[in-house]
Amino acid sequence: MSSPVPTDLTQVRLKRQPDIQLPGGTLYDLAVVSPDMLLVSNWSKQCVQLLDCLKGKVVSEVQLQDYPYSMCLTDRNTAAVRVGDRRIQMIKVKDKTLTKGRELSVRGTISGTSSRNSLVVSYNSQPWLEVISMNGKVRHQFNKSRKSQQFKYPAFMCTTPGGSVFISDYGTHTITKVDGQLNLLQTFTSPLLQTPWGITAVTEDQVLVCSNKNNSILLLQPSTNTMSTLLGKDDGIEDPWSLTYCPDQKKAYVATNYTDTIKVYQVS
């Protein structure tokens, strides 16, 4: 019996829209909180900001005690932000206003994503993955026998609509796919993939990746184990760092390395 033919293999196209300028500071990571609102970790100002995409205006911000790095939404009203090397700060979003929630202490330098009411965190200094509850309790750990060979410098993560987690690793130049219990599913590599950083899921089988070293945005399609270049340096992509996707408006937002500019693309 032959294997079923994948059905979600439409080539993604990205059409350039006007850039958004962050009013001061430098970007590290982005997250969509509503069709017209972006959450931004402003590295140089040591704060998290709520950005109105239509007006290009910061409507709320919270100051932090250290530099903010990667972030993810745990729901539409709450974000988890890595602050410094050993903390996760929860940020509440309500009525276009940001407030601090609880703070979690973790074992080392992290990045993160959310999956099924939990946080998936990666430890960069000692390559490792854990699933923790919203109060910091460890629920799952990556298989110890594989950790030394699987990861070197895990960078960014994203969760698909179905709950799979993709991790970019700029040390091994790979993308790793795990399930919600951190069981290894697939590992992806390609000559196109050089120092992968930001990563975001458009669908279960369409994942966008920042290939930092070769100045491009790639499309990863897990069902066929293929990667293709969507945008390159000729399209204005230089040193791509992080990106996020808005399913309501079908837009991708791309931040380049420590700048104040967000590039916007219509996804079709």
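**Close-up views of a predicted model**

View 1. With a relative accessible area of 10%, Arg 82 is buried, because buried means under 20% relative accessible area. In this predicted model, Arg 82 belongs to strand 7, which runs over residues 78-83. A polar atom of the Arg 82 side chain lies 2.9 Å from the backbone oxygen of Gly 84.

View 2. The structure holds one cavity of 30 Å³ or more, and the volume of the largest cavity is about 60 Å³. Its lining is made up of 13 residues, and those that lie nearest the centre of the cavity are Cys 72, Ala 80, Ile 110, Ser 111 and Gly 112. At least two lining residues come from each of strand 6 (68-75), strand 7 (78-83), strand 10 (110-114) and strand 11 (119-123), and strand 10 gives the most, with four residues. Sorted by class, the lining of the largest cavity comprises eight nonpolar, four polar and one charged residues.

**View 3. Gln 181 in the loop between strands 16 and 17.** Gln 181 is placed in the loop that connects strand 16 (174-178) with strand 17 (184-188). The relative accessibility of Gln 181 is 40%, and this residue therefore counts as partly exposed, the class in between buried, under 20%, and exposed, over 50%. Although Gln 181 and Val 131 are 50 residues apart along the chain, their C-alpha atoms are separated by 7.3 Å.

How values were computed
Residues are numbered from 1 along each chain as its sequence is written. This is a predicted model: local features need pLDDT of at least 70, side-chain atom pairs count only at pLDDT 80 or more; totals for chains, interfaces and linings use all residues. Side-chain values use heavy atoms; hydrogens and water are left out. Buried means under 20% relative accessible area, exposed over 50%, partly exposed in between (1.4 Å probe, protein chains only). On a 1 Å grid over the protein atoms alone, a cavity is a set of points where a 1.4 Å probe fits but cannot get out, and a pocket is an open set with protein on both sides within 12 Å along at least five of seven lines; lining residues have an atom within 4 Å of a point. Grid points are joined across faces, edges and corners, and a volume is the space filled by probe spheres set on the points. Ala, Val, Leu, Ile, Met, Phe, Trp, Tyr, Cys and Pro count as nonpolar, Asp, Glu, Lys and Arg as charged, and the others, Gly among them, as polar. A polar contact is a pair of N or O atoms within 3.5 Å; within protein, one must be able to donate a hydrogen and the other to accept it, and residues adjacent in sequence count only if both atoms are side-chain atoms.
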